[in-house]
Amino acid sequence: MTDPLIDLRSDTVTKPTPAMRKVMADAEVGDDVYGEDPNVNALQEEAAALLGMEASLFVPSGTMANQIALQAHTQPGDEVIAHPQSHLIRAESGAGAALAGVQFRTMGNPDGSLPAEEVGESIYRGDNPHYPPTGLICMENTNNFAGGTALPPERIDPVAEKARQHGVAMHLDGARVLNAAIALDLKPARLTAPFQSATLCFSKGLGAPVGSVVAGDKDFIAVCLRYRKMYGGGMRQAGVLAAAARHALEHHVERLAEDHENARRLAEGLGNTPHLKLTHGLPETNMIFFECGHPRIGMEKLVAELAARGVLIGGMGPYQARVVTHLDVDRAGIEKTIGAFQQILAA
Ligand SMILES: Cc1ncc(COP(=O)(O)O)c(C=O)c1O
């Protein structure tokens, strides 16, 4: 038997565990477009409580959760303030411009947070018809492309204060907000408290196959429900998926700490490997970005050599790559990965 692949490209690659598959198979279901799926209804309540919001809505993906929120908060032509490295801007196929019709104003600190003073100076809520009104401020926690950073309240609250002063809503892309909560040893609701809406993905480190929620107050979620329908996100007997997400919330949250420890061990190993440099230093959560400066082994070759040894990583252009730890990679896999890197690069 060949060894299983060690797939570190993303935490989205996790497969449902046998216990999760069992709850999916046994799940009671109903038509969720009629609001009759008991598992979806229960999940929406549980996720809302976890995020400290009045209500939440189950949707197929993190992208849809973000895009519905953007649409529900803004008018076409509004300006949305966000970090240039945010998933919303870098990795959602231009949806904010194409669907909600908003334009982005980008600003950011290297850790993925927003500069509060600059945000305050950039907000426009006046009546001069030349200027686009600021419709929303978006943040991301953990911040994926800043290195999986966990932003603590002191990096969020000053921005929220500026937003409050000007009457602008704040949205959190909380795809991995539970990783942030575990890393910071805080309740998720503390991290979402400064925001009027927040998302959460079950299909990443939590290990469910599909699904996210967008959460907010009841009126906001009623608007989101309409956009979910418009975007084609009504899923009928979605209880099989919601049951997996509920199982993940019960069994896979505390264990995110293991992924963070594995990421740290892996980063230490990579940091000690010739020609590798950690882009953002040691990881705060489950992601490591690194660059390869080997004179003959470029990133494409490194990715291929690792794959030949059963290790998959996410190449991000000619010099940089990302590795992400998760539920399906244990400590033995981490040690094997470090060994594979050293074999290729120390040769
Ligand atoms: C921070 C962040 N937000 C949103 C998403 C989008 O999630 P999905 O792939 O489910 O659309 C991702 C996906 O990796 C992400 O990393």
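A residue counts as buried under 20% relative accessible area, as exposed over 50%, and as partly exposed in between, using a 1.4 Å probe and protein chains only. By that scale Arg264, at 39% relative accessibility, is partly exposed. The structure is a predicted model, in which local features need pLDDT of at least 70 and side-chain atom pairs count only at pLDDT 80 or more, while totals for chains, interfaces and linings use all residues. Residues are numbered from 1 along each chain as its sequence is written, and side-chain values use heavy atoms, with hydrogens and water left out. Helices (H or I, at least four residues) and strands (E, at least two) are DSSP runs numbered from the N terminus.

**Salt bridges**

- A salt bridge here is a side-chain nitrogen of Lys or Arg within 4 Å of a carboxyl oxygen of Asp or Glu. The count by this rule is 17 salt bridges.
- Asp111 and Arg155 form one of them, with 2.9 Å from N to O. This pair links distant parts of the chain, 44 residues apart: Asp111 is in the loop between strand E4 (103-106) and helix H6 (116-122), and Arg155 is in helix H7 (residues 153-166). Asp111 is partly exposed, with a relative accessible area of 22%, and Arg155 is partly exposed at 33%.
- Asp157 and Arg190 form another, with 2.5 Å from N to O. Asp157 is partly exposed at 28% relative accessibility, and Arg190 is partly exposed at 31%.
- Arg264 and Glu268 also meet in a salt bridge, at 4.0 Å from N to O. Both residues belong to helix H12 (residues 256-271), and because they are four residues apart there, about one helical turn separates them. Glu268 is partly exposed, at 35% relative accessible area.
- Lys301, Glu305 and Arg309 are joined in a network of salt bridges.

**Packing of helices H3 and H10**

- Two packed helices are described by the distance between their axes and the angle between them. Axes are lines fitted to C-alpha atoms, for helices over the stretch in contact, and angles run from 0 to 180 degrees between N-to-C directions.
- The axes of helix H3 (residues 62-73) and helix H10 (residues 218-230) come within 9 Å and cross at roughly 115°.
- The crossing of H3 and H10 is right-handed. A crossing is right-handed if the near helix is turned clockwise from the far one by less than a right angle, and left-handed if anticlockwise.
- Contact means heavy atoms within 4.5 Å. On H3 the contact is made by Met64, Ile68, Ala69, Gln71, Ala72 and His73, and on H10 by Phe220, Val223, Cys224, Tyr227 and Arg228.
- Of the residues in this contact, eight are nonpolar, two polar and one charged. Ala, Val, Leu, Ile, Met, Phe, Trp, Tyr, Cys and Pro count as nonpolar, Asp, Glu, Lys and Arg as charged, and the others, Gly among them, as polar.

- Strand E8 (residues 212-216) is mostly covered, with five of its five residues buried. Ser212, Val214 and Gly216 lie on one side and Val213 and Ala215 on the other, and both faces are covered.
- Two strands pair if DSSP finds at least two bridges between them. Strand E2 (residues 55-59) runs antiparallel to E8 and is joined to it by five bridges, with Leu57 opposite Val214.
- Strand E7 (residues 197-201) is also antiparallel to E8, through four bridges. Cys201 stands opposite Ser212.
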